[in-house]
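Thanks for making the time today. I would like to walk you through one structure, so please bring it up on your screens and follow along.

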Amino acid sequence: MTLVVACACNHARVTATGRSERVGKSKKRRAPLWARISVVAGVLLLVPGGGAVVAGQTLLSDYTDQVTDNSLLKDIDAPAEAVTPKREVDINGPLNLLLVGIDPRDDKTAPLADSIVIAHIPRDRHSAYLFSMPRDLYVDIPAFKASGTGADTTKINAAMSYGSRLKNGGFSPEQGFQLLAKTVSNRTGIKAFDAGAIINFGGFKKIVEAMGGVDMVIDMDVKSEHLKPDGSTRDRIPACQGHHRCVHPYTGPQKFYKKSDKPVHLKAWEALDYVRQRYEFKGGPKMGDYDRQRHQQQFIRAMAKQAMSKSVVSDPAKLLKVMDAAGESLTFAGGGHTIVDWAVELQSINVDDMVTVNLPGGGVYSQDGRREYLGERFNEEVDDFFKAVTEDRVAAFLLDHPGFVNQDQ
């Protein structure tokens, strides 16, 4: 539920020039992230790295046509007859990738963007920066002729829903992505995304199951809003059955994730449940959507490391299961380039070079005296971060604003 100066990464620092340098005594060669990207396709195409894994390229090539849909990147202001861009020889300059996680309830319900992650990769290819747009971010959503929806000011996750509407009454996540991408572009100042992907969380679960689970540090006590301790769905309150209008529709025992300083092995259903949570519980720590964003970014990094574990890469049958699951859950657009093209272009970046960024903000409330919650709004300094992204100077910005770097690095 979808892509990463003083860097807080383990064994790394970022100099005043913005270049990442390795520090510490360890000389052990890091496993190339290209191998990880070959396994976890869409999510990990953000930061592929160094080695030449021919078998991995062959596997990934087999899935390229299955997962590729370049209509994701179509500009909603372009004429209806506009065609997708022709394939280019090189992928140049700083890059921005948009990853969207959806959790569709059924084919008759419009999809919502539960997770919106942007990966900024500098021109020098020495690092990757991951940052999230809160699903409740209060934004202006433009009108979209293809879906027949007008302009609105509401939570950003609605952009996927609005844009997905088809004239026959159905829904298209790919079309919804187009409106969401435009909405994100307008808010961040990123003129256009170089690549994008939609990740279905149901398929994401299959990927983690195929890998045998994932190891993650649980950085705070969390209770599940959705599941019982055995993983089954919690019972719904009678008044909340048959609709989705209740904020907290469940009752009964809850799955509990205890804070731990060391990685905890999570089954697929546990990992996906953990990164979905955003509500605090009585006696527990304060929690909100910003914590969920952090946990989702941590999950992406944990999947990258798990994908390169011996239990995955040394087991051909397991590797194929992972790729099958990725093919079922991923829709990718590379601006005319395949996933393999992207992996080769970004071959110098490793998973340890991924920096997860926290964008501070707070709630927005109506001014009519009722103080109705409308959504989230970024702090003013976040606009300075977005300007740094568009000018490819994120490393220098983080040097001056170390609080933006998540402490899990």
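This is a predicted model: local features need pLDDT of at least 70, side-chain atom pairs count only at pLDDT 80 or more; totals for chains, interfaces and linings use all residues.

The largest nonpolar core has 49 residues, where a nonpolar core is a set of buried Ala, Val, Leu, Ile, Met, Phe, Trp, Tyr and Cys residues joined through side-chain atoms within 4.5 Å, and buried means under 20% relative accessible area, with exposed being over 50% and partly exposed in between, for a 1.4 Å probe and protein chains only. The residues with the most contacts inside this core are F204, V214, M216, F299 and W342. Helix α6, residues 201-211, gives the core its largest share, namely six residues. There is also a second, separate core of 44 residues, and it includes L137, F177, A388 and A395.

Residues are numbered from 1 along each chain as its sequence is written, and side-chain values use heavy atoms, with hydrogens and water left out.

Taking the chain as a whole, we have 13 helices and 18 strands, these being DSSP runs numbered from the N terminus, with helices as H or I of at least four residues and strands as E of at least two. Of the 409 residues in the chain, 53% are buried.

Now to the sheet. Six strands form an open sheet in the order β15-β8-β3-β4-β5-β16, and the pairing is mixed; two strands pair if DSSP finds at least two bridges between them. At the edges are β15 (330-333) and β16 (354-357), each of which pairs on one side only. Strand β5, residues 128-132, runs parallel to β16 and is joined to it by four bridges, and within that pair L130 stands opposite T356 in β16.

Is A333 buried or exposed? A333 counts as buried, because its relative accessible area is 0%. Leaving out residues up to four places away in sequence, A333 touches D69, N70, L72, L73, A195 and G196, where contact means heavy atoms within 4.5 Å. A333 and F193 are 140 residues apart in sequence, yet their C-alpha atoms are 9.8 Å apart in space.

Finally, please look at Q178, which lies in helix α5, residues 173-188. Q178 counts as buried because its relative accessibility is 10%, and beyond its neighbours within four places in sequence it is in contact with S71, L72, K74, I76 and F144.
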